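Please look through the model shown below, with its sequence alongside, before reading on.

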Amino acid sequence: MKSIYLIAPFLCLLFVLFMASPAYAPLILWQIEDESTQDIGVEQALFTWTEPNTGMEFVWVPGGCYRMGCGEWTDNCEEDEKPLHKVCLSGFWIGKYEVTIDQYRKFLKETDNKSEKRFEVYWDDRLCPINKDSSYTLAGNKFSQDGEQPMVLVDWQGAQAMAKWLSRKTGKTFRLPTEAEWEYAARSGGKKQKYAGGKDVDLLGWYKGNSDGHTHKVGWFIPNALGIYDMSGNVWEWCQDWYDENAYSRHSRLNPINTNGTRRLVIRGGSWDTNSSALRASHRDWLLSGFTMETVGFRLCIPTAHD
């Protein structure tokens, strides 16, 4: 009998590790109770996975239910952040960092920027971080002093194209996070957090008050409680949803996504060029389809079987 007690914990751990892999992650849902704000991310994620083609790291985000929108734990609520509403999500993997210049260069080199005709890097912008040459070399401007700065000046189709490329190469599904997934991950699994990881913005992200007017190498600040970096600040991040100022009144309870819209697409997280209010985890904004900015990048996610 004693031997059973000794090996049982190890068997349980092996089972959880197996089920939480990108190929077998289940549709786990649990209730996230209203918790007090956790200021700094010290509870690192139990599971991470590295995509072998790009070296992109992913963090497992367990499924759960949370109140999405602008609640009493934050301030400066805007109308499109209301009403506060309950959302339940299946578990998913999300990029530990924003997609970097070097990671996007690997995609461009392999596809020669031709595999997807409907995407664009704004090559003619003097602030474009890479050159349009055979190796997509760093341009050397303030947005490309380091290949680990986030890739910018890529439109929504350009982000989708990289996701499709990785999906073809790996057999897994890569895509942009939905708006509900993005906020849930930013708030460390739905905790009552004003910013992604707590309430002190100067410990958590780059914005106009501290960025010196440009992007910075990913992962410089403290992560949130799931071990995810830069979800507040550095660059805005494309989401899968079309923007609708009244989307929260129409959200389904389970895995919501807004697929109806005109040309406006959701961006979240604020950037190096915004004030700190835009870095709030509940803040919403949009950019027109086909447009690029030096303030906008993206991170990818890997959903589970609900997709």
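With a relative accessible area of 0%, Leu166 counts as buried, in what is a predicted model. The residue belongs to helix α3, which spans residues 156-170. Which residues is Leu166 in contact with, once its neighbours within four places in sequence are left aside? They are Glu51, Thr54, Met56, Gly171, Phe174 and Leu300. The C-alpha atom of Leu166 is also separated by 8.1 Å from that of Asn53, although these two residues are 113 residues apart along the chain.

The cysteines can be taken next. How many disulfides does the model contain, if a pair of cysteine sulfur atoms must lie within 2.5 Å to be counted? The count comes to 2 disulfides, and when the bonded cysteines are numbered in sequence order the pairing reads 1-4, 2-3.

One of these disulfides is formed by Cys65 and Cys88, whose sulfur atoms are 2.0 Å apart. Because Cys65 lies in strand β3 (residues 64-68) and Cys88 in strand β4 (residues 85-89), this pair ties together parts that are 23 residues apart in sequence. The link of Cys65 and Cys88 is right-handed, with 105 degrees about the S-S bond. Both ends are covered by the accessibility criterion, since Cys65 is buried at 7% relative accessibility and Cys88 is buried at 9%.

Cys70 and Cys77 form a disulfide as well, and here the sulfur atoms are 2.0 Å apart. The torsion about the S-S bond of Cys70 and Cys77 is about -75 degrees, and the disulfide is therefore left-handed. As for accessibility, Cys70 counts as buried at 9%, whereas Cys77, with a relative accessible area of 32%, is partly exposed.

Two further cysteines deserve a comment. Why is Cys301 too far from the closest cysteine sulfur for a bond? The closest cysteine sulfur, which belongs to Cys239, is 9.4 Å from the sulfur of Cys301, whereas a disulfide requires the two sulfur atoms to be within 2.5 Å. Cys301 is itself buried, at 0% relative accessibility. Cys128 is likewise a buried residue, having a relative accessible area of 2%.

Strand β4, which holds Cys88, also contains Leu89. Leu89 is buried, with a relative accessible area of 0%, and its position leads on to another part of the chain: the C-alpha atoms of Leu89 and Glu181 are separated by 7.2 Å, while the two residues are 92 residues apart along the chain.

Glu181 is one of the buried residues of helix α4, a helix that covers residues 179-186. Is helix α4 mostly covered or mostly open? Helix α4 is mostly covered, for 8 of its 8 residues are buried. Just after helix α4, Ser188 takes a positive phi of about 55 degrees.

Key: Residues numbered from 1 in each chain as written. Predicted model: local features only at pLDDT ≥ 70, side-chain atom pairs only at ≥ 80, totals over all residues. Heavy atoms only, no water. Buried < 20%, exposed > 50% of the residue type's maximum accessible area, 1.4 Å probe, protein only. Helix = DSSP H or I, 4+ residues; strand = E, 2+ residues; numbered from the N terminus. Contact = heavy atoms within 4.5 Å.
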